Amino acid sequence: MTTSRRLADRKVAKFQKNITKRGSVPETTVKKGNDYPVGPIVLGFFVFVVIGSSLFQIIRSATSGGMA
């Protein structure tokens, strides 16, 4: 199954055009900004749980004599 010369020339021209564009990617494709993957409510809840559990552990260890 051979391709015609015209079709081959069209493919070559298409790829040659892409080669000249290589490396000239605009910077706008890179995502910029302050877009966090989690919301502020979830982040606040996580901080509340971590700090709360550490405080609870400190209080529990202080009331039981330090070695619990």
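Buried means under 20% relative accessible area, exposed means over 50%, and partly exposed lies in between, with a 1.4 Å probe and protein chains only. This is a predicted model, in which local features need pLDDT of at least 70 and side-chain atom pairs count only at pLDDT 80 or more, while totals for chains, interfaces and linings use all residues. Residues are numbered from 1 along each chain as its sequence is written, and side-chain values use heavy atoms, with hydrogens and water left out.

Start with the whole protein chain. Two helices and zero strands are present; helices (H or I, at least four residues) and strands (E, at least two) are DSSP runs, numbered from the N terminus. Of its 68 residues, 0% count as buried. The chain exposes about 6900 Å², and carbon and sulfur atoms supply 66% of that area; the areas come from the Shrake-Rupley method with a 1.4 Å probe, and for residues only the protein chains shown count as cover.

Next, select Arg-5 and Asp-9. Their side chains form a salt bridge at 3.8 Å, N to O (a side-chain nitrogen of Lys or Arg within 4 Å of a carboxyl oxygen of Asp or Glu). The structure holds one salt bridge. Because Arg-5 and Asp-9 are four residues apart in helix 1, about one helical turn separates them. Arg-5 is exposed at 65% relative accessible area, whereas Asp-9 is partly exposed at 38%.

Now select Lys-11, Lys-14, Lys-17 and Lys-21, which form a positive surface patch. Patches are made of residues with over 30% relative accessible area and no salt bridge, joining like charges within 9 Å and nonpolar side chains (Val, Leu, Ile, Met, Phe, Trp, Tyr) within 5 Å. Lys and Arg count as positive, and the charge of Lys is placed at NZ. Lys-21 sits in the loop between helix 1 (5–20) and helix 2 (40–63).

Move on to residues 38–59, which an unreviewed UniProt entry annotates as "transmembrane region"; such annotations may be inferred rather than shown by experiment. The end C-alpha atoms of this span lie 30 Å apart, and the span is 91% helix and 0% strand.

Finish with the nonpolar surface patch of about 820 Å², whose members include Val-38, Val-42, Phe-46, Val-50 and Ile-58. Val-42 lies in helix 2.
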